[in-house]
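Thanks, everyone. I have one structure to go through today, and I will take it site by site. Please have a look at it first.

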Amino acid sequence: MPGKDILVVEDEADIAAILAHNLEREGFSASVAADGEQALKAVARRIPDLILLDLMLPRMDGLEVCRRLKRDPAHAAIPVIMVTAKGDDADVVVGLELGADDYIVKPFSVKVVCARVRAILRRREEPPAGEGKDIRMRDLVIAPGRHEVMVKGKPVEMTASELRILHLLASRPGMVLTRQQIIDCVRGTDYAVTDRAVDVQIVGIRRKLGALADRLETVRGVGYRFKERQ
Ligand code: CA
């Protein structure tokens, strides 16, 4: 993806320089903003293709930057990857619910950062999976229209909310969704949903997935993720 503009928002100059250098080496064009206000100014001048947003910033923190971006229709669609310190799970949850696409925990490997950036940009270029669209993987088929799930070629019975949650996660492989995001998706189906109810549903889905149960991964303190194929 040569030529894509990545805005690195990071107050630690050495980290910002390492990120910018490696992104450039991967063929991206990188610029750096050293705090939240600078980031918003940079975005107003020129809309980047993706923002790597450190959450711990002086003056205006990363979550506030994310909140302001997502509130502005002109900037809401810019993909955001949050960069967080270990243990900032609560902030990660808030950020994902604000609309950030992903997060990376410090200390990170530069290789992983570049891979995540590419993954998010690639995902943005694909047409969205869309509600109700069939998902066909080698050993798993989810066809919401026919209310059908096939695991390794065998049909599996699922409730409406189980199928909806599985479809939601499987249509965004590799992305963590918070419990609230899952609740928002299944609200209005056959279940009174709470955080705890989401966990119960996941247990049920895993049981029915059998050999594929470990594809539904718990991300501690944050939510759930459908693992990308290895
Ligand atoms: Ca920082």
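I start with the calcium ion, whose donor residues follow the sequence spacing D-x42-D-x1-M. They are Asp11 (OD), Asp54 (OD) and Met56 (O), coordinating at 2.1 to 2.3 Å. A donor here is an N, O or S atom within 2.8 Å of the metal, or 3.2 Å for Na, K and Ca; water is not among the atoms, so sites may look incomplete.

Before going on, a word on the source: this is a predicted model, where local features need pLDDT of at least 70 and side-chain atom pairs count only at pLDDT 80 or more, while totals for chains, interfaces and linings use all residues. Residues are numbered from 1 along each chain as its sequence is written, and side-chain values use heavy atoms, with hydrogens and water left out.

Asp54 is buried, at 2% relative accessibility, whereas Met56 is exposed, at 59%. Buried means under 20% relative accessible area, exposed over 50%, and partly exposed in between, with a 1.4 Å probe and protein chains only.

Next, the domains. The chain is split into domain 1 (5-125) and domain 2 (135-226), with bounds from an automatic or database domain assignment. Their C-alpha centres lie 28 Å apart. Eight residues of domain 1 and ten residues of domain 2 take part in the contact, meaning heavy atoms within 4.5 Å.

Now helix 6, residues 160-170. Nine of its eleven residues are buried, so this helix is largely enclosed by the rest of the structure. Among the buried ones are Leu163, His167 and Leu168. Helices are DSSP runs of H or I, at least four residues, numbered from the N terminus.

Leu168 is also touched by Gln181, as are Leu96, Glu97 and Val176, not counting residues up to four places away in sequence. Gln181 sits in helix 7 (residues 179-186) and is partly exposed, with a relative accessible area of 21%. Between Gln181 and Tyr224 there are 10 Å in space, C-alpha to C-alpha, and the two are 43 residues apart in sequence.

Which helix gives the most to the lining of the second largest pocket? That is helix 5 (residues 110-125), with eight residues. The lining also includes Asp102, Gly174, Arg225 and Glu228. By class, four lining residues are nonpolar, one is polar and seven are charged; Asp, Glu, Lys and Arg count as charged, Ala, Val, Leu, Ile, Met, Phe, Trp, Tyr, Cys and Pro as nonpolar, and the others, Gly among them, as polar.

That is where I stop.

How values were computed: Helices (H or I, at least four residues) and strands (E, at least two) are DSSP runs, numbered from the N terminus. On a 1 Å grid over the protein atoms alone, a cavity is a set of points where a 1.4 Å probe fits but cannot get out, and a pocket is an open set with protein on both sides within 12 Å along at least five of seven lines; lining residues have an atom within 4 Å of a point.
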